[in-house]
Amino acid sequence: MIRLFVGLRPPTPIRAKLLGLMGGIPGARWQDDDQLHITLRFIGDVDERAAEDAATALSGVYWPPIELSLEGVGAFDKRGRVNAVWAGVRPKEQLAALHRKVDQALVRAGQPPEGRAYLPHITLARMNSPTEVVERFVEAHAGLASTPFTLDHFFLFESSLGHEGARYDAVARYPLNG
């Protein structure tokens, strides 16, 4: 089985800005440069044939280059326990529309439709830290912003889980030129 997702890679200066924020939350598992991305659609574990079908379907996604910028930070929690800290990206509407386009292509390729609400973000850390420490981090970086940056391609990534965390390898690159 192959674990896949579709995502966008921010440019090096944006990733460097995000890497500079990391720290100050004991026990956090901070992402490294190779892990920083904006997920457009999680696919999950699929066999070789489904992976090939997904890759082919994604080649039919036409979308213009997208201009984004960083906007604030936040945290996800599960049952009242914070499990991730993230950086926001905007405009959310354009990313949500691209997400729907990618989702539709994958559904045509036989994947189930996305069942979760889409919130575009870049995960900075995963954790099980006390909420108050995370709240202080979020407050300290609430004003995170960047100059606009343009992305002109997206990727199909393979995610390999290991003892050191996840490793993401781009297995296909698709232009945004629609």
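This is a short tour of a predicted model, stop by stop. Local features are described where pLDDT is at least 70 and side-chain atom pairs at pLDDT 80 or more, while totals for chains, interfaces and linings use all residues. Residues are numbered from 1 along each chain as its sequence is written, and side-chain values use heavy atoms, with hydrogens and water left out.

**Stop 1: the four-stranded sheet**

Select strands S3, S1, S8 and S9, which form an open antiparallel sheet in that order. Strands here are DSSP runs of E with at least two residues, helices are runs of H or I with at least four, and both are numbered from the N terminus. Two strands pair if DSSP finds at least two bridges between them. S3 (38-46) and S9 (165-175) are the edges; each has a single partner strand, so one side of each lacks a neighbour in the sheet.

Now zoom in on S8 (residues 153-162), which pairs with S9 over 10 bridges. Ser-160 stands opposite Arg-167 in S9. Contact means heavy atoms within 4.5 Å.

**Stop 2: ring pairs**

Rings of Phe, Tyr and Trp (its six-membered ring) pair if their centres lie within 6.5 Å; planes under 30 degrees apart are stacked, over 60 edge-to-face, and the rest tilted. Phe-5 is in strand S1 and Phe-157 in strand S8, 152 residues apart. Both Phe-5 and Phe-157 are buried (buried is under 20% relative accessible area, exposed over 50%, partly exposed in between; 1.4 Å probe, protein chains only).

Move to Phe-154 and Tyr-174, another stacked pair, with 5.0 Å between centres and 25° between planes. Phe-154 is buried at 0% relative accessible area, and Tyr-174 is buried at 7%.

**Stop 3: Leu-58**

Select Leu-58. Apart from neighbours within four places in sequence, Leu-58 is in contact with Val-6, Val-102, Leu-106, Phe-154, Leu-156 and Tyr-174.

**Stop 4: the five-stranded sheet**

Finally, select S2, S6, S5, S4 and S7, an open antiparallel sheet in that order. The edge strands, S2 (29-30) and S7 (149-151), each pair on one side only. S4 (residues 66-78) and S7 pair over 3 bridges, and Ile-66 stands opposite Leu-151 in S7.
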